[in-house]
Amino acid sequence: MSRAVLSVGSNVGDRRAHLRSVVAGFAGEVIAVSPVYSTAPWGGVEQDDFYNITLIAEGSRSVRSWLTAGAELERAAQREREIRWGPRTLDVDVISVEDSDGIVVRNDDPTLILPHPRADQRAFVLVPWLDVDPDAVLHTSSGIERVDALVAQIDSAELAGVRRLGELDGDW
């Protein structure tokens, strides 16, 4: 048994449908889904805003299986990896995984670094995560830190680019 925090984003095509496909893809394992946030793109590439959600899921998956399942959902959404930090139909990132004993898994494999690199600096990851887990913590290079404390350290201009839209199936 493991528990994963997944950050999901889309800025190409039917963004809400792409986000819903991830919730459906992890059906039976989803514990919580954050509201949808519209977020400014990160990384300097000119593109449309993203819709982002955070999922917390729990299941009998291995650490690598969370990544594999997310990649399969990206392929189903016809994700193309042409430009680093560029537009995409769907992006499913594994942010953090706890094993069955509640121990956060650390992994340095280049294909799955855990906790996710730079997650502690990204408002589009941290703000939706707080909606589903106000007591969330993240292992950083400085040690274990509360997610709300990490959000407080983010530049106000970046935080302003993270706007709550509403529930995934809401009328907005």
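Is H18 buried or exposed? H18 counts as buried, because its relative accessibility is 16% and the cut-off for buried is under 20%. Before I go on, please keep in mind that this is a predicted model. H18 lies in helix α1. Leaving aside residues up to four places away in sequence, H18 touches S10, V12, G13, A77, T89 and L90.

Now the overall picture. The chain has 172 residues, and 47% of them count as buried. Its secondary structure comes to 5 helices and 10 strands. If you take the contacts with a separation of 6 or more, 66% of them are between residues 24 or more positions apart.

Next, the start of the chain. S2 sits in strand β1. S2 has a relative accessible area of 5%, so the residue is buried. What does S2 touch, not counting residues up to four places away in sequence? The list is A57, E58, G59, R61, W66, V97, E98 and D99. There is also a C-alpha distance to note here: S2 and S62 are 60 residues apart along the chain, and their C-alpha atoms are separated by 7.0 Å.

W66 was on that contact list, and W66 comes up again with the rings. How many aromatic pairs does a search of the whole structure find? The search returns 1. That pair is F26 with W66, and its geometry is tilted, with 5.7 Å centre to centre and 35 degrees between the planes. F26 is in the loop between α1 (15–25) and β2 (30–33), while W66 is in helix α2, residues 63–76, so to speak a link between distant parts of the chain, 40 residues apart. Both F26 and W66 are buried.

Two arginines also sit over rings. The charged end of R61 is over the ring of W66, 5.3 Å from its centre. R15 lies over the face of Y51, at 3.8 Å from the ring centre.

Let me stay with α2, the helix that holds W66. α2 has 14 residues, and from first C-alpha to last it reaches 21 Å, which is close to the 20 Å expected at 1.5 Å a residue. Which residues of α2 are buried? They are W66, A69, G70, L73 and E74. Viewed down the axis of α2, these buried residues fall within an arc of 145 degrees, so they line one face of the helix. The face turned away from that buried side carries the exposed residues R75 and A76. As for what covers the buried residues of α2, the cover includes β1 (2–10), α1, β4 (50–59) and β5 (91–98). After α2 comes Q78, with a positive phi near 60 degrees.

Last topic, the salt bridges. A search of the whole structure finds 9 of them, and I will go through a few. R20 forms one with D169, and the closest N and O atoms are 2.7 Å apart. This pair links distant parts of the chain, with R20 in helix α1 and D169 in the segment after β10 (162–166), 149 residues apart. R20 is partly exposed, at a relative accessible area of 32%. D169, at 60% relative accessibility, counts as exposed.

The next one is between the side chains of D131 and R164, at 3.5 Å from N to O. D131 is in helix α3 (residues 123–132) and R164 is in strand β10, so the pair ties together parts that are 33 residues apart in sequence. D131 is partly exposed, with a relative accessible area of 32%.

Then there is R146 with D135, where the closest N and O atoms are 3.9 Å apart. R146 is in strand β9 (residues 143–146), and D135 is in the loop between α3 and β8 (137–140), 11 residues apart. R146 counts as partly exposed at 37% relative accessibility, and D135 counts as exposed at 56%.

Definitions and conventions. Residues are numbered from 1 along each chain as its sequence is written. This is a predicted model: local features need pLDDT of at least 70, side-chain atom pairs count only at pLDDT 80 or more; totals for chains, interfaces and linings use all residues. Side-chain values use heavy atoms; hydrogens and water are left out. Rings of Phe, Tyr and Trp (its six-membered ring) pair if their centres lie within 6.5 Å; planes under 30 degrees apart count as stacked, over 60 as edge-to-face and the rest as tilted. Helices (H or I, at least four residues) and strands (E, at least two) are DSSP runs, numbered from the N terminus. Buried means under 20% relative accessible area, exposed over 50%, partly exposed in between (1.4 Å probe, protein chains only). A charge sits over a ring if NZ of Lys or CZ of Arg is within 6 Å of the ring centre and within 35 degrees of the ring normal. The expected span of a helix is 1.5 Å times one less than its number of residues. The arc is that of the directions from the helix axis to the C-beta atoms. Contact means heavy atoms within 4.5 Å. A salt bridge is a side-chain nitrogen of Lys or Arg within 4 Å of a carboxyl oxygen of Asp or Glu.
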